[in-house]
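Please read it alongside the sequence and the coordinates.

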Amino acid sequence: MKITPKLNKIIHSAMEKRVMNAYNKKIDLIFHQRPDLNKKVNEEISQKHIQLYSQLHLPCSDKWLRLYSNLTGVIDYTYLPDDLFYAKIERIINNCDRTNGDLEDKNLTSIFIDEKNLPRTHLRYVRGIFFNENYEVLTHKQVLNIIHSDLGNCIGKVATESLGGHGVNLFSFKDNRYYTPKNEELTIDWIKSRGESYIFQEAITQCEFTARFNPYSANTCRITTLRCPWNGQIIVCKAAIRLGVGTVAIDNLSSGGIATAINSHGELGPYAYRWNGMKKFDRHPSSGVAFKGLIHPFYKKMCDTVIHYAKKIPNYNLISWDVIADYKGEIKIIELNLTGQGTHIHQFAFGSFFGEHTESLINWIAAHSELDTFKHIRTF
């Protein structure tokens with residue numbers, strides 16, 4: 001059933017207000033916890049920020065400018081506000097109607113990403129049917145043979161809607177069975193209980209550079225590509241690295257990880273941050289490795305890889321790729337994100353999310369408001 005334009009306009013306006021209010025509450029909570037991050041910035045910079053984003057015809061303040069400027073010490077009027085990004089920017093630049101069961105499904109990424117750039121898949125489960133890596137249907141006995149064989153450490157994931165690392169487990173093999181850290185056994189019924197799409201893959205052994213921070217977690221780079229809609233050029237607009245803390249396998253900030261931005265030369269920011277309370281670290285809290293001056297040796301190779309694949313995906317101009325270099329220096333794409341893409345970790349160092357392309361992008365979005373309709377509810 002199609003929503004009529006008139007009804008869509010009413011609903012869409014209400015949902016925009018809802019998301020704007022949600023993210024304003026989020027930043028107000030941060031300011032309540034950290035009043036020092038709410039200090040005013042230069043008035044001229046503040047006005048340039050508001051003037052830039054007011055083109056989107058939604059309420060605009062300098063709250064996010066103050067947050068990132070005071071957090072990092074880098075003053076940049078183009079810092080991206082979370083509320084405007086989720087309420088409008090992302091919804092115009094991408095076709096959000098097609099997500100959540102389209103390319104974000106981890107059981108579909110091998111259709112357009114070459115096998116060499118993906119973790120090896122041992123087992124797929126989709127809507128009641130088990131498949132192997134090549135999408136050949138498996139019998140009950142064949143599935144048991146896989147999950148009862150020692151394939152080394154493995155990662156099991158809910159293949160859709162695994163936001164913030166939800167539904168991701170590291171499996172280890174003992175007594176001819178696979179178990180999670182909570183001692184849950186991997187069985188056919190257990191997989192079926194996870195939802196309608198699940199994937200069971202090899203656990204990538206990361207490169208020496210990222211392993212030095214924490215060998216227990218994946219320590220993925222979140223690299224965001226932008227197809228500039230005014231000329232079609234695909235660029236890396238900004239990147240960040242997420243680092244797990246302790247012995248937890250997941251590196252997401254929502255799971256206790258920390259993150260810092262990466263500049264165009266692969267250099268890590270001088271500080272990493274934990275989103276809860278915006279706590280700052282000049283070295284990794286588990287390993288003690290300092291961040292300042294470090295350069296990721298495989299950053300350019302990772303960027304070249306994701307740019308290559310971004311060209312194949314025309315419905316999404318903005319894609320956030322979770323990428324890792326393995327112990328051989330080969331690039332592996334863990335997953336991609338098409339909506340609800342986090343922007344904050346990219347702004348933890350070296351300025352704003354879209355950088356020098358911000359003004360051109362905001363001008364284009366302001367001129368193409370007709371592309372935004374209320375059909376896709378997830379980001380709201």
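1. Cys237 is accordingly in no disulfide; the nearest cysteine sulfur belongs to Cys228 and lies 8.5 Å away.

2. Basis of the values. This is a predicted model, in which local features need pLDDT of at least 70 and side-chain atom pairs count only at pLDDT 80 or more, while totals for chains, interfaces and linings use all residues. Residues are numbered from 1 along each chain as its sequence is written, and side-chain values use heavy atoms, with hydrogens and water left out.

3. Cysteine burial. Cys237 has a relative accessible area of 11% and is therefore buried (under 20% relative accessible area; exposed is over 50% and partly exposed in between, with a 1.4 Å probe and protein chains only). Cys154 is also buried, at 0%.

4. Helix α3. This helix spans residues 63–72; helices are DSSP runs of H or I with at least four residues, and strands are runs of E with at least two, numbered from the N terminus. Eight of its ten residues are buried, so α3 is largely enclosed by the rest of the structure. Among the buried residues are Lys63, Trp64, Arg66 and Tyr68. Gly73 follows α3 and has a positive phi, near 80°.

5. Pro35. This residue sits in the loop between α1 (5–33) and α2 (43–53). Pro35 counts as exposed because its relative accessibility is 54%. From Pro35 to Gly232 the separation is 197 residues in sequence and 42 Å in space, C-alpha to C-alpha.

Note on methods. A disulfide is a pair of cysteine sulfur atoms within 2.5 Å.
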